[in-house]
Amino acid sequence: MKHLLTRFENSAPEIVFEWRDPESPARGWVVINSLRGGAAGGGTRMRPGLDRDEVVSLAKTMEIKFTVSGPRIGGAKSGIDFDPRDPRKNDVLRRWYRAVTPLLKTYYGTGGDLNVDEVREVVPITESHGLWHPQEGVVRGHFDASDRDLVRRVGRLRLGVAKPVEDRRYTPDPAGRHTVADLITGWGVAESVRHYYAVYGGDIAGKRVIVQGWGNVGSAAAYYAAQAGARVVGVIDRNGGLLNPAGYGLEEVRELFLAKDGNTLRAPGMIPYDAIDDAVWDTGAEVFLPCAASRLVTREQVDRMAARGLEVIACGANVPFADPEIFYGPTYEHADKSVAVVPDFIANSGMARTFALLMREGVEVSDEAIFEDVSATIESAIRDCHARSQAPTGVASAAFEIALEQLM
């Protein structure tokens, strides 16, 4: 597996598009690892300090993710080196998407990612540049869609991704203000934990959970885990966090979800970041959900959690471990041998799977159809890992083997 992974990791991407904003310090890259199946897909992220190598690694991660989620296309990613808190953010995104529109019209499909919102930013800005949907390039390139076919597939994408989630089984917000795009990735992360226990033995109910990051993914994953009976004992966010050894139950997690400020935790009694970063790893939890930026999780943090009962890491963040390697570096390997690691290309495949589902003909565009399809896709991937090895650890290694056998 590691030999194949090294070959895949070291292969040069097929296309790299580099951009420099003429009106700000922003720089950006589209990396298309391959045009497998005639197209490539991957979201757009923005953060200060992002570089080309990070975008390359994420594009390769997307290629592996599509072996789980479908469709069978190449991996890609867009990344912009810019502070999303800068008031010029919207103008930077408008110039960025204007520059990459020819790719998005032909063979590349994008969406939201870290600090870039699918429904509120990506869709309206790309529409203003003449795109019917930011996944239009995948529909054209992969499905070779006629104009009539393109209208149907794109129509389902427009309806399904931006659909307000109203079914109370799938939303923490009784007012229906949150869309499929807001919730589906976090749903998949929590479902990956539930399915891990169901397949390998055990039950998520009663498990203690630590969440890293309180954006759309982390907050939604925490809510759905609590809905399944888990208790959230720790939250670490970029500005501080919370500890509760007794655990927050469903209604308390719902309140924390609804009180967040954009992608930031807001709650009474928050512990300053330095203090929470020192304490949270020793709190004691069976489940860890890294849902913040890439490459944050260290070996020391894994060991401290493992010493206090950690069983499962479900990767809500892409490439969460602090390794220079793209995929399976020493920290990742150590974690995979110590506990069960559900890799990012399974755990956070919810949005990619939603795109794939909505591009198909004859699909029902409903909360139940979308959410349950994501759950079933993740369950199938976890069962495939279990069929390869019934050991409660080494899950990520098995998942990589299965994906690479398809790609290489």
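Which residues are linked with Lys77 in a network of salt bridges? I found Arg45, Arg47, Glu54 and Asp113 in the network with Lys77. I count a salt bridge when a side-chain nitrogen of Lys or Arg is within 4 Å of a carboxyl oxygen of Asp or Glu.

I note that this is a predicted model, where local features need pLDDT of at least 70, side-chain atom pairs count only at pLDDT 80 or more, and totals for chains, interfaces and linings use all residues. Residues are numbered from 1 along each chain as its sequence is written, and side-chain values use heavy atoms, with hydrogens and water left out.

I searched the whole structure and got 38 salt bridges.

Entry, Asp113 and Lys77. I looked up this pair and found a salt bridge at 3.0 Å, N to O. Asp113 sits in the loop between β6 (108–109) and α4 (118–128) and Lys77 in strand β5 (residues 74–81), so the bridge ties together parts 36 residues apart in sequence. Helices (H or I, at least four residues) and strands (E, at least two) are DSSP runs, numbered from the N terminus. I list Lys77 as buried at 3% relative accessible area and Asp113 as partly exposed at 22%. Buried means under 20% relative accessible area, exposed over 50%, and partly exposed in between (1.4 Å probe, protein chains only).

Entry, Asp21 and Arg95. Their side chains form a salt bridge at 2.7 Å, N to O. Asp21 is in the loop between β1 (15–20) and β2 (27–32) and Arg95 in helix α3 (residues 89–106), so the pair ties together parts 74 residues apart in sequence. I list Asp21 as buried at 6% and Arg95 as buried at 11%.
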